[in-house]
Amino acid sequence: MLAFGALAGIVLVYHRWLHVNVTTVALTLLLFILLLAAEWGLRYAVVVSVAATLCYNYFFLPPIGTLTISDPQNWLALLAFLATAIIASRLSERARHQASDARSRQRELEVLFRLSREFLQSENLASLLDSIPAAVVNVSAAQSGILYLLEGHRLFRAGYVFDVDVPLLSHLAYSLPGVREEASEMQVPIRTGVRPKGLLLLRGATLSTKTADAVGSLISLSIERAQALESIARDEAARESERLRTLMIDSITHELRTPLTSIKGAATALLGESVKAEDARELLSIIDEESDRLNRLVSEAVEMAQLDARQVQMHFTTVELSALVEQAREACAWVQEQHPLHIDIPAHLSIRADPAVFQKVIANLLENAAKYSSAGSPITITAQAEEKEVAIRVADQGIGIDPSEQSLIFDRFYRARSRTEGISGTGMGLAISRAIVEAHRGSIHLTSQPGQGSVFTVFVSRAGLNGD
Ligand code: ADP
């Protein structure tokens, strides 16, 4: 209708107002048909070509006002209009096809790219398998997707739920030679090499079979990769735990030897003849102190081993941080007898933690701050809520820690070289604290300057988020 309107417009303008010669009219009509054929295709262009020939004949070719088609000029005009219509529509059709081909290829490449990026982001096999159907449904605009794995006959779904026949899926996974389309359902076999692994079912997806095939390969590769990564991680964890066990036994044997040697020496001296009363007292107090140290060492080593073996049962709850810090302060009451203590914790700030276990971290940091700074120098405990975490800081103005040793002090039995003489300790406190913080999925950091003081910062999950 629009085309005929435009045609009538051209005819009217030239016939009534602009009196141009017939060639100009013919060229204008030709141009019009060219545009029409390119934009709307052959069918319209042919119909309008015939109409244009008739109008041309009637209104512009003498004798004007009659339809005499006998004149060869008319045939020529009709032929020119039709040829233009056919050639232009063909050309534009081809260009349209190529453009839509290129567009769909680009879209499918994008699908594969987005999927591969999504699959590579998954941290472990379980989350990868969970995310596959949703990711495929998302990028292929399908209504529903199911990933079926032969191993364990497991199903992972996304989109609307429909019933499936597991034995049939298993049969298809083994027997399908390639992607099959049945009504609106796509069945994509997942296999590694020639070994069948499972099947992907998609309903209402807009994917070509080639892309669906590539999606199948991508899924199988991603599963293989996640499995390989997990098995490497498992091996590494096993090796690491073995290494830790050996290290632990070595260090314990080494660490136990020192107090044992002192005890043994003192006891032998006591058993000797003619020990003066004051010497005997001195020797007994050595035995007393060293056996205390031995006791502490053994219980800390056991605690560390339990944390390593994840044998410490944590009971996570929402705890108000100020209460937790208060408990820690009470647990090492001697600290505030020797140091002014400034505590600044925002009210109602809560964390997710096992209070009994986490409190040990704060108590340990507090004790260290007191042990490694001179009496009378202040200690500050502050807390700051961040987006998902809480940063708890214990700061002192004590002896500080040499930069070269800052990463080592969290190791078991490590005590800073020159500065710890005369200060009792086992070198286990920070190792235990770090293990506890990590069991809370948090982290512990240190900034320190020798002679200026140290700040230990613990990051731990904030409570009150996600409905905690
Ligand atoms: P311990 O205090 O029993 O020696 P830790 O594991 O708690 O063991 O600490 C390890 C080492 O880190 C300490 O021996 C000490 O050298 C250093 N350290 C810990 N906290 C501080 C601190 N606040 N200031 C200075 N040095 C510290």
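How many cavities of 30 Å³ or more does a search of the whole structure find? The search returns two, a cavity being a set of points, on a 1 Å grid over the protein atoms alone, where a 1.4 Å probe fits but cannot get out, with lining residues having an atom within 4 Å of a point. The model is predicted, so local features need pLDDT of at least 70 and side-chain atom pairs count only at pLDDT 80 or more, while totals for chains, interfaces and linings use all residues. Residues are numbered from 1 along each chain as its sequence is written, and side-chain values use heavy atoms, with hydrogens and water left out.

The largest cavity has a volume of about 50 Å³, taken as the space filled by probe spheres set on the points, which are joined across faces, edges and corners. Its lining includes F119, E123 and R225, and helix α7 (residues 209-271) gives the most, with four residues.

The second largest cavity holds about 30 Å³. Its lining is made up of F358, V361, I362, L365, I392, V394 and V458, and α11 gives the most to this lining, with four residues.

In total, 22 residues surround the ligand, and N368, Y372, R415, T426 and L430 are the closest (near means a heavy atom within 4 Å). Among the polar contacts (pairs of N or O atoms within 3.5 Å), the side chain of D396 lies 2.8 Å from a ligand nitrogen, and a backbone atom of G427 lies 3.0 Å from a ligand oxygen.

Key:
A polar contact is a pair of N or O atoms within 3.5 Å; within protein, one must be able to donate a hydrogen and the other to accept it, and residues adjacent in sequence count only if both atoms are side-chain atoms. On a 1 Å grid over the protein atoms alone, a cavity is a set of points where a 1.4 Å probe fits but cannot get out, and a pocket is an open set with protein on both sides within 12 Å along at least five of seven lines; lining residues have an atom within 4 Å of a point. Helices (H or I, at least four residues) and strands (E, at least two) are DSSP runs, numbered from the N terminus.
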